[in-house]
Amino acid sequence: MNLEPAEHSGMGRKAQDGSRGAPRRVLPPALGLLLPMALLNALLYLFLAWVFIAPTPSAPASTHCPRGHFRMGQMKNCSPWLSCEELRTEVRPLKRVGEGAVKRVFLSEWKERKVALSRLTSLEMKDDFLHGLQMLKGLQSKHVVTLLGYCEDDNTVLTEYHPLGSLSNLEATLNLSKYQNVNTWQRRLQMAVDYVSIIHYLHHSPLGTRVMCDSSDLPKTLSQYLLTSNFSLVVNDLDALPLVNRSSRTLVKCGHRELHGDFVAPEQLWPYGEDMPFDDDLMPSYDEKIDIWKIPDISSFLLGHVEGSDMVRFHLFDIHKACKSQTPAERPTAQDILDTYKKVLNLLRDTVMSQTREML
Ligand SMILES: Nc1ncnc2c1ncn2[C@@H]1O[C@H](COP(=O)(O)OP(=O)(O)OP(=O)(O)O)[C@@H](O)[C@H]1O
Ligand SMILES: [Mg+2]
């Protein structure tokens, strides 16, 4: 800290007033000016340190509950997941807040708390719905939306409600004047760290190596993640998470239809040219490296276009280039990317801090 003026301000020096008998402390006029400046300097420094390095505040209850239980918001104790009976009688749907191919999502009320009630849209999608529920149950952690209850008979799932909605709303949310203080490259890079942490968790999950298949374009991918009130990320839609099992040589395919475009990994595209019609049986399968291919695009979206985003992009150039390797095995792992992101975050924070120190 640049507290030099205070440390060397001569506060300890004594001055004698010759007209009186007892010695008295007297500040020379220059010091009288220096002292408030030094104090201001220190306060400004502390403020900047808070802005630049304050960690994202986390929810008070971050330790997890035993399986089959949940805790959210200010709840002190863990509660068991709500049963069919409780879901039917205690949960009151208020308004629809989202809809996808599988679920219709309602902001609802449970014991004066806001919750999200998801209902299956059509029985044709029941398998995906049940797969998503199974994943939600097995993957409860800080990376995944909190499950509050479910009822298979009614095709309903209850989860914690996140008022800022999905990542699709990120730009609109961060552009609100009340969030200008969080619309910084630091917070946005932290969101990219959260995102890659989620992918890392899915690739090393308690349910094995899981691939985030519900991500065939950028808007679709963004809609599967929620922004929490403290601007961290959780994954919400786990309806398409097939398992890669290297020991049994099981690879995956994301759906049974032909995929197009360069958002998806090259190995997800039909490899036999336009002359040969797409045939799912002939389509080769692939592994979790398809998630790595997509990381640069999602991170770039998360970084947005604020002061400093391009500087971050510059520092991430090499790792992002490696993610776009045509050969899946040559792409880095989520852990490699996470290490690089964290290194860049710390490096740039240190640079900004030392520049700030020089300015003061
Ligand atoms: N807990 C929640 N809090 C706030 N909004 C939510 C919550 N859960 C879902 N939503 C909103 O509802 C939308 C749809 O949810 P979800 O992705 O789970 O549906 P889906 O039918 O499975 O989607 P898909 O078409 O990708 O299969 C989300 O993108 C989000 O905007
Ligand atoms: Mg979805």
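Two strands are taken to pair if DSSP finds at least two bridges between them; helices (H or I, at least four residues) and strands (E, at least two) are DSSP runs numbered from the N terminus. The model is predicted, so that local features need pLDDT of at least 70 and side-chain atom pairs count only at pLDDT 80 or more, while totals for chains, interfaces and linings use all residues. Residues are numbered from 1 along each chain as its sequence is written, and chains are lettered from A and ligands numbered from 1 in the order in which they are written.

**View 1. An open antiparallel sheet of five strands, in the order 3-4-5-7-6.** Strand 3 (91-99) and strand 6 (147-151) each have a single partner and stand at the edges, so one side of each lacks a neighbour in the sheet. On average, neighbouring strands are turned by 25° against each other, direction ignored (axes are lines fitted to C-alpha atoms, for helices over the stretch in contact, with angles from 0 to 180 degrees between N-to-C directions).

**View 2. The antiparallel pairing of strand 4 (residues 103-110) with strand 5 (residues 113-120).** Eight bridges join the two strands. W110 stands opposite R113 in strand 5.

**View 3. The shell of 23 residues around ligand 1.**

Conventions:
Near = placed C-beta within 6 Å.
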